[in-house]
Amino acid sequence: MKYVIVGGVTGGAGTAARLRRLDEKAEIIIFEKGPYVSYSNCSIPYRLSETVDQTEKLILNTPQSFLSIYNIEVRVSSQVVFIDRKAQKVRIKDLQNNREYEESYDKLILSPGAEPVIPSIKGMEDANLFTIRNVEDISRFYSFIKKEDVKNISVIGGGFIGVEVAVNLREAGYQVSMVEAMPQILRTYDYDMVQILQKEMLDNGVDLVVGDSVISFEKSDLILKSGRKVEGDAVVMSVGVRPETSLAADAGLELNRWGAIKVDANYCTSDRNIYAVGDAIEVYNTLMHRPMMLQLAGPAQKQARQAADHIYGRPVRNTGYIGSNCIKVFDYNAASTGMTAAQCEQEGIPYDFAYVLPMDKVSLMPDSEILHYKLIYEVPTGRVLGAQAISKGDAAKRIDIVATVIKFGGTVDDLRDLELCYAPPFSTPKDAGNVAGLVAENLLQGAFRQIHVDQVRNLVESGAYIIDVRPKPMYERGHLKNSINIPITQLRQRLNEIPKDRPVYVHCQIGQTSYNAVMALQGNGFTNIYNIAGGFLGICYYEYFNDMIQGREPIVSKYNFG
């Protein structure tokens, strides 16, 4: 058998390696139009901060190593320009020698990836404009900013690549501005959660502009729709990617409405002799029950293995995808899986969520950190739909747990009952997922009612009755402007001060003590009581970024992030 693979990075290289393990005698050829094959594209932004101290370290394999280790031929700087499906041949353009030739195949595997979207904006031809997709891109950009002694860099787009580029540039000492047209960066996180990361960007000196867009360039300066001018010496365009499928389209393969290659459960295209994997294909979302796009390395590697297995008649069980992801934003680690609350709204799925702030390990440990943890579940079934965690501690571990629960169709009860590893340096006896599962179970049972941090400003401005049950010294270090301090130690003695004829909202620092206060008040005959999930800490994180960039009046006497 002869296999031709188009694209030599994650999906293509992974398919080739699996094919070789299944068949020592097969002829395998990889065509890669770039000069490098099998590189760590997820590590590319870290070259800018010198975390990766040499560009060459991004390259994981070479044509020589593929040949010596796997007996796989790799031809770099070789672009496949045409597929003759009837003859089962491809036409290749040798970009180094400017010649074309043909190669036959028994099976063809497409892994062309995705290309950066570059919108047409007035004046962009005069800007020092870069995209960051591959080793050549980062080498070109890195060399430019060093050679030209660049000081100010603008990043357009607040997705994963844009944020990672901005963070690494800032850590390298550059002045960085980021412009995102949507109201928030990183849309795999809900608006309430992403405020923590937006605050972190602001705190670390990134000039973050959201809800505004670039309408023109003046050399490398950006002119925004709002009229604001963002000065810069270079610009990174990172507004998104599109599947690179012109080759598949010209061959008449079936594409979806986004231009991605449609594949079946075995990653076979509309041509039985052509498979496709990676960023260029359509995958199935197991939670939304519909196709989606997913440009992530982990799924690409799974697809590569399964495509190769199917070619050799091995059973493939395609369980679909839920989109687990993580990112480091300066000192914070963020992770997300499954659906966001915003997606549930859009899809019309009835849901609720538990927002808890437990410690990532026993608080006596000197490196313990608060976890901002949001668990999203279906109502009334309790089926886990998604989760987000942000912390200076280990957020990704907690989301990996939820991702596993989702893949096995689990509920909040399953999350509550998980028996997880515990020792004080690693976690707490009830880990964050257990805590969120317990809170979600209580909410489903109607044991108490809650409101969320995004509702608090309206409560304060409308003069709602809010009780702060923290000790007086904590209250005096910062509180909601119209809140009444009744420490939980005094609560039962001061019940006569609390009205029964209007809603009463209760908060503490993180939401746990106020839950105990809510249960005590309900036990004393109060029926219109709400816990403020996330507490004063969650409120401060939610409010801070917008207070700063909008210059609006805070609803707190003083922020408290401790």
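Helix 1 and helix 7 pack with their axes 8 Å apart, at an angle of about 35°. Axes here are lines fitted to C-alpha atoms, for helices over the stretch in contact, and angles run from 0 to 180 degrees between N-to-C directions. Helices (H or I, at least four residues) and strands (E, at least two) are DSSP runs, numbered from the N terminus.

Before going on: this is a predicted model, where local features need pLDDT of at least 70, side-chain atom pairs count only at pLDDT 80 or more, and totals for chains, interfaces and linings use all residues. Residues are numbered from 1 along each chain as its sequence is written, and side-chain values use heavy atoms, with hydrogens and water left out.

Back to the pair. Helix 1 and helix 7 make a right-handed crossing. That term means the near helix is turned clockwise from the far one by less than a right angle; anticlockwise is left-handed. Which residues of helix 1 meet helix 7? They are Thr 10, Gly 11, Gly 14, Thr 15, Arg 18, Leu 19 and Leu 22. Among their partners in helix 7 are Ala 300, Ala 304 and Ala 308. Contact means heavy atoms within 4.5 Å. By class, the contact of helix 1 with helix 7 has 7 nonpolar, 5 polar and 3 charged residues. Ala, Val, Leu, Ile, Met, Phe, Trp, Tyr, Cys and Pro count as nonpolar, Asp, Glu, Lys and Arg as charged, and the others, Gly among them, as polar.

Now the sheet beside these helices. Helix 1 (residues 10-22) lies across strand 1, strand 2 and strand 9, at about 170° to strand 2. Helix 7 (residues 297-311) lies across strand 1, strand 9 and strand 20, at about 160° to strand 20. The open sheet has 5 strands in the order 5-2-1-9-20, with parallel pairing. Two strands pair if DSSP finds at least two bridges between them. Strand 5 (73-76) and strand 20 (274-276) are the edge strands, each pairing on one side only. From one strand to the next, the twist averages 20°. Inside the sheet, 5 bridges join strand 1 (residues 2-6) to strand 2 (residues 27-32). One to look at: Ile 5 has Ile 30 of strand 2 as its bridge partner.

Strand 15 and strand 16 (residues 221-224) share 4 bridges. Glu 218 has Asp 221 as its bridge partner in strand 16.

Another helix pair. Helix 5 (residues 191-203) and helix 15 (residues 535-550) have axes that come within 8 Å and cross at roughly 55°. The crossing of helix 5 and helix 15 is left-handed. Helix 15 brings Tyr 541, Tyr 542, Tyr 544 and Phe 545, among others, to the contact. The residues there divide into 9 nonpolar, 3 polar and 3 charged.

Last, some backbone details. Which bond joins Val 379 and Pro 380? A cis peptide bond, with omega about 10°. Pro 380 sits in the loop between strand 26 (371-378) and strand 27 (384-391). Glu 50 is not a glycine, yet has a positive phi of about 70°. Glu 50 is in the loop between strand 3 (37-39) and strand 4.
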